[in-house]
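Reader: I'm new to this one and would like a close look at a single part: the place where the two chains meet. Could you walk me through it?

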Number of protein chains: 2
Amino acid sequence: MTLADTAYDSLRRDIMRGHLPPGQPLRLEALRARYDMGFSPLREALNRLQSERLVVSASMKGFIVAPLSLPEMWEAIEARVLVETEALRLSILRGDDAWEAGVVAALHALGLAAARGEPETLEARHAEFHLSLIVACGSGWLLDFARKLSAATERYRAPVLAGDTAPRDVQGEHAALAEAALARRAEEAPALLAAHYRRTGERIAARMAA
Amino acid sequence: MTLADTAYDSLRRDIMRGHLPPGQPLRLEALRARYDMGFSPLREALNRLQSERLVVSASMKGFIVAPLSLPEMWEAIEARVLVETEALRLSILRGDDAWEAGVVAALHALGLAAARGEPETLEARHAEFHLSLIVACGSGWLLDFARKLSAATERYRAPVLAGDTAPRDVQGEHAALAEAALARRAEEAPALLAAHYRRTGERIAARMAA
DNA sequence: CACAACAAAATTTTCGAAAATTTATGTTTA
DNA sequence: TAAACATAAATTTTCGAAAATTTTGTTGTG
């Protein structure tokens, strides 16, 4: 792995987890000190992240962490619903035994991580579960879009997840989703997925208003 | 505009027009001579193009122009159908007077370019027309995806367009599409759009087989 | 006091050389 | 002969300084 790849991963994680807050200018000298590398790999990583809309840049004025807003969140969620419902439909149509096994495994791992409560691994298992559902869709484009939209929406989830008191059986939603997918219910499973994402959006919108 | 932006535009155009053929290695020294700039802006451009799947790279082995294949073409076309039919639906729902005027103007300009027959401008007007249809969708994500998929599919069209003899009233399809969109027929217009893209795919597949 | 005009500082962008890695070439050995 | 290995060449990747640009601060002017 090259340094540019490392820079990409580090910056991406720090932006997604909010450690680099929205709107913050990304000064090259500061990044150089933080990640201990030269300008070149950092700039290459920033150019990639710009294509994924995690950072924005103005010519000759450098890069900043992409800002957040409620309208942008809904834009990302609705795009994600479009892409992932179709990808799930295709996975249900095309998925083989290995796909089914992957879904079962990811759901189980997610349950374990949720019980343990470590936010770091929980976040990773959550992403892996949602990926496992659509991974058999057969379209690299849809998987690519889903990955970018997942990163974009994750930025809204993380800061809110902390003080979330209202009860919600997320693991139950996940289980129902997995069951519908494995039973090849090509209408119900995408509907559950869409509702799942929109419910998360409502939850975030409610907390951001408060 | 920075040199990196120039490099991005030049490389993108040369790849889309097939002047840099699929699979060709993109040696930095050769690019440096071709575009008359240093390594840094070229590498930044290549990193962006990698995010758009126009080039692919292996760690420490540099970049190559992304290869073409019939399965990949259909993948891109079907993803494009998904994204643009939804974006068109939204445009029909939300588009205002300026949107309608833009569609009419783009259709007219496309007709003029087609009559004149300059492939360079025709290509640009064609892309502008299809963009005009969906530009009022209100989703930056969908427009972003559409732009990338448009670039990906254009690569298949260009080489085939030359020796295309079988008759097809493309401008008629475009006119019908615009009419349905402007009449706010939210079912028919997306269907016409999907058929339009798939027909182009069939045409290309037929010629690639021969 | 507002506001240009200019200079200084900070920052981004670009370059070319150095370092790291891969690929090609030739030589030895079993 | 063919595999294994060393060596050289080609190429990518990275660095740090130089160039270009923007931002900040200062001074002079109406």
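**Where chain B meets chain A**

Author: Keep in mind that this is a predicted model. Let's begin with the polar side of things: across the interface of chain B and chain A, 10 residue pairs are in polar contact, counting pairs with both residues at pLDDT 80 or more. So which parts of chain B do the touching? Helix H3 (39-51), helix H4 (70-94) and helix H7 (140-161) of chain B each bring at least two residues to the side that touches chain A.

Now for the charges. Between chain B and chain A there are 2 salt bridges. One of them pairs B:Arg43 with A:Glu44, and their closest N and O atoms sit 2.6 Å apart.

Stepping back to the whole interface, 29 residues of chain B are in contact with 29 residues of chain A. Putting the two chains together buries about 2,700 Å² between them, and carbon and sulfur atoms give 61% of that area.

H6(A) has 16 residues and reaches 23 Å from its first C-alpha to its last, close to the 22 Å expected. Its buried residues are A:His126, A:Phe129, A:His130, A:Ser132, A:Leu133 and A:Ile134. Those buried residues pack against helices H4 (70-94), H5 (97-116), H7 (140-161), H8 (170-182) and H9 (188-209) of chain A.

Conventions. Residues numbered from 1 in each chain as written. Chains lettered and ligands numbered in written order. Predicted model: local features only at pLDDT ≥ 70, side-chain atom pairs only at ≥ 80, totals over all residues. Heavy atoms only, no water. Helix = DSSP H or I, 4+ residues; strand = E, 2+ residues; numbered from the N terminus. Expected span 1.5 Å × (residues − 1). Buried < 20%, exposed > 50% of the residue type's maximum accessible area, 1.4 Å probe, protein only. Contact = heavy atoms within 4.5 Å. Buried area = accessible area lost by both parts, 1.4 Å probe. Salt bridge = Lys/Arg side-chain N within 4 Å of Asp/Glu carboxyl O. Polar contact = N/O pair within 3.5 Å; in protein donor to acceptor, adjacent residues only side chain to side chain.
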